[in-house]
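User: I have a structure open and want to go through a few features. Can we take them one at a time?

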Amino acid sequence: MKLFWILWAGQLISQLGSGLTSFGLSVYVFRTTGSAFLVSMVALASFLPYLLLSVPSGVLSDRYDRRLLMVAGDGFSAAGVALILLAVSLDLPFIFIIIGACISSAFSSLTDPAFRATISDVLTKEEYAKAGGLNGLSSGVRFIICPLLSALLLSFSSMELLLIIDILSFIPTIMAALSVRRRTQSRKNGEKVSLTTGFRALYANKGLFVLVIYTSLITFFMGVIQILSEPMILSFSSVMTLSVAEVICASGMVVSSLVISGKGIKIGYRRALCFSLITSGLAMFAFGFTMSLFIIVPFGFVFFFTIPYANTALDYLVRSNLERSAEGSIWGAVGFVSQTGYVFSYALSGLVSDSVAKALDVSVGRGCALVISGGGILLALLALALLSFDSVRKLEHD
């Protein structure tokens, strides 16, 4: 666990830096353009290259030293953030922000499968759930600290400062990966893996195949609230109010992550996955039902509270049924398939919300709220149906 703690700390610092940029850039773009669609386009540019390159990155993590891939990914990702900094500072056309986000996302794709596979290199199966809880905790801390800190920094400085902090945050992350590299050896599989290795391994296990395909449908609806919540709240409140609301909502992730890290999951991983996603969907519906923060914030807390349970359960079910000889390739395939839903969500949610607002003659914020509520209903129904798959049930028993 000591080696995992070193890696985890490095990733946490990197996530905090990225979180400052993510929040600040959403505010910057929405204030500059007034369009939820362009906000979603920046999110898409920050995600699509990562998704498309996740499979070859997984193959690389099996063939070469995983810790060096993490170093390269973090180091070159900073170049993309630097381009965004240049575009904002010189007031360059919006396309340069998109290009910078694409560059940063492309190199970030090297990091994730290498990090996930390294967890299996340094931990035992009994420690997987604890690691999953800690990974959820780092995400929760990011969502708590970054919105408030971003709003505070933007109140007396500019977007440029957030981007500079993000670039500097890659330094300790690289140092952590190099430190772990000196203490461990990365499992490598030579030339035995290819771009299709991960997909073939998933297809050979029916339960994994169903679970990963099904998750891609779920991530579509989860992406809706991630993209549209900020334009929705900004439409009737200030940046500081938005940051405080996000901090309170995201504290739900910290609470549940601490519980999982200490006690694990007692009801079974499959049921934890399904029940947490059902609750997430219902919380989404209530989140967008009204434009009152007294309703939005409590149900936002519930939504974020369920995320670590879903992520930990999913991680355990997948990790416990992987072939270790090609784990990086499989994680690349899992990431590609399961997160495809986010791409469609990022591409469509802003456009749909703008269209709904125009068709119903309501504000952009109200259009975002209606789309969030609709997505929540569909997410709950899909999660409920997942309970009926025997092949997924067998993953836990096996």
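User: How many salt bridges does the structure hold?
Analyst: The structure holds 1 salt bridge, where the term stands for a side-chain nitrogen of Lys or Arg within 4 Å of a carboxyl oxygen of Asp or Glu. This is a predicted model, in which local features need pLDDT of at least 70 and side-chain atom pairs count only at pLDDT 80 or more, while totals for chains, interfaces and linings use all residues. Residues are numbered from 1 along each chain as its sequence is written, and side-chain values use heavy atoms, with hydrogens and water left out.

User: Which side chains meet in the salt bridge?
Analyst: Those of arginine 393 and aspartate 390, at 2.3 Å, N to O. Both lie in helix H19 (residues 390-397), 3 residues apart, about one turn of the helix. Helices here are DSSP runs (H or I, at least four residues), numbered from the N terminus.

User: Arginine 393 and aspartate 390: what are their relative accessible areas?
Analyst: Arginine 393 has 28% and aspartate 390 has 46%. Each counts as partly exposed, because that class lies between buried (under 20% relative accessible area) and exposed (over 50%), with a 1.4 Å probe and protein chains only.

User: Switching to the core. Which residues have the most contacts inside the largest one?
Analyst: Leu211, Met222, Leu273, Phe303, Val318 and Ile372, in a nonpolar core of 115 residues. Such a core is a set of buried Ala, Val, Leu, Ile, Met, Phe, Trp, Tyr and Cys residues joined through side-chain atoms within 4.5 Å. Helix H12 (residues 206-234) supplies the largest share of this core, 15 residues.

User: What is leucine 273 in contact with?
Analyst: Leaving aside neighbours within four places in sequence, leucine 273 is in contact with Leu211, Ala310, Ala313, Leu314, Leu317 and Leu386. Contact means heavy atoms within 4.5 Å.

User: And H14, how far apart are its end C-alpha atoms?
Analyst: They are 26 Å apart. That agrees with the 27 Å which the 19 residues of H14 (residues 269-287) should span at 1.5 Å a residue, the expected span being 1.5 Å times one less than the number of residues. H14 is mostly covered, with 14 of its 19 residues buried.

User: Last one, serine 257. Buried or exposed?
Analyst: Serine 257 is buried, at 0% relative accessibility. This residue sits in helix H13 and touches Gly133, Gly136, Leu137 and Pro308, not counting residues up to four places away in sequence.

Technical notes. Helix = DSSP H or I, 4+ residues; strand = E, 2+ residues; numbered from the N terminus.
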